[in-house]
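Please keep the sequence and the model in view while reading.

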Amino acid sequence: MHKKGWVKGGVVAVPTNFSGGRFKKLKTSYKKKYSVKYLAKKGIRPTEPFTESKAYLLKTKNSTHDDIWMGGRNFRVLTKYNHSTSYGMAIHLIAEAVKSVD
């Protein structure tokens, strides 16, 4: 992972304040970055600390709504192995759950 650009302690992904149904305001992708200031102007803000100036806007779909996340550089590293937002989010969420088991 470090050879691909992983930064120890760096941001992977954090949830945003988006709530509601389906998100269609902006393009979501692990390939497209937005400045955090631009996202804030569009009403999208992280609900946890996000220390990078640019973010990937990520969408995960549930049966009733979309969850919107802000992804950091480490998220992009995850998707270099498997080119899928769903894969990157699954790995991130599993890693977070394992860390919280202690």
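Which residues make up the largest nonpolar core? The largest nonpolar core consists of V11, V14, F23, L26, Y34, L39, I44, F50, A55, L57, I68 and M70, 12 residues in all. The model is predicted, so that local features need pLDDT of at least 70 and side-chain atom pairs count only at pLDDT 80 or more, while totals for chains, interfaces and linings use all residues. Residues are numbered from 1 along each chain as its sequence is written, and side-chain values use heavy atoms, with hydrogens and water left out.

**Nonpolar cores**

- A nonpolar core is a set of buried Ala, Val, Leu, Ile, Met, Phe, Trp, Tyr and Cys residues joined through side-chain atoms within 4.5 Å.
- Buried means under 20% relative accessible area, exposed means over 50%, and partly exposed lies in between (1.4 Å probe, protein chains only).
- The largest nonpolar core includes V11, F23 and I68, and the elements that give two or more residues to this core are strand 3 and strand 4.
- Helices (H or I, at least four residues) and strands (E, at least two) are DSSP runs, numbered from the N terminus.
- In soluble globular proteins, nonpolar side chains tend to be buried together.

- Contact means heavy atoms within 4.5 Å.
- Not counting residues up to four places away in sequence, V14 touches P46, E48, P49, F50, W69 and M70.
- I44 lies in the loop between helix 1 (36-41) and strand 3.
- I44 counts as buried because its relative accessible area is 2%.
- Leaving aside neighbours within four places in sequence, the contacts of I44 are T16, N17, F18, F23, L39 and L57.

**The largest pocket**

- On a 1 Å grid over the protein atoms alone, a pocket is an open set of points where a 1.4 Å probe fits, with protein on both sides within 12 Å along at least five of seven lines; lining residues have an atom within 4 Å of a point.
- The largest pocket has a volume of about 330 Å³, where a volume is the space filled by probe spheres set on the grid points, which are joined across faces, edges and corners.
- Of the 17 residues that line the largest pocket, G10, V12, H92, E96 and K99 are the closest to its centre.
- Strand 1 (13-15) and helix 3 (85-99) are the elements that give two or more residues to this lining, and helix 3 gives the most, with five residues.
- The lining divides into 11 nonpolar, three polar and three charged residues.
- Here Ala, Val, Leu, Ile, Met, Phe, Trp, Tyr, Cys and Pro count as nonpolar, Asp, Glu, Lys and Arg as charged, and the others, Gly among them, as polar.
- H92 is found in helix 3, and H92 counts as buried because its relative accessible area is 8%.
- H92 touches V12, A13, W69 and L78, not counting residues up to four places away in sequence.

**Helix 2**

- In helix 2 (residues 73-81), the residues N74, F75, V77, L78 and T79 are buried.
- The buried residues of helix 2 pack against strand 1, strand 3 (54-61), strand 4 (66-71) and helix 3.
- R76 is also found in helix 2, and R76 counts as partly exposed because its relative accessibility is 23%.
- Leaving aside neighbours within four places in sequence, R76 is in contact with Y30 and Y56.
- R76 and Y56 are 20 residues apart along the chain, and their C-alpha atoms are separated by 8.3 Å.

**Aromatic pairs**

- The structure holds three aromatic pairs.
- Rings of Phe, Tyr and Trp (its six-membered ring) pair if their centres lie within 6.5 Å; planes under 30 degrees apart count as stacked, over 60 as edge-to-face and the rest as tilted.
- F18 and F23 form an edge-to-face pair, at 5.1 Å centre to centre and with 85 degrees between the planes.
- F23 counts as buried because its relative accessibility is 2%.
- Y81 and Y87 form a tilted pair, at 5.8 Å centre to centre and with 40 degrees between the planes.
- Y81 is exposed, with a relative accessible area of 68%, whereas Y87 is partly exposed, with 24%.
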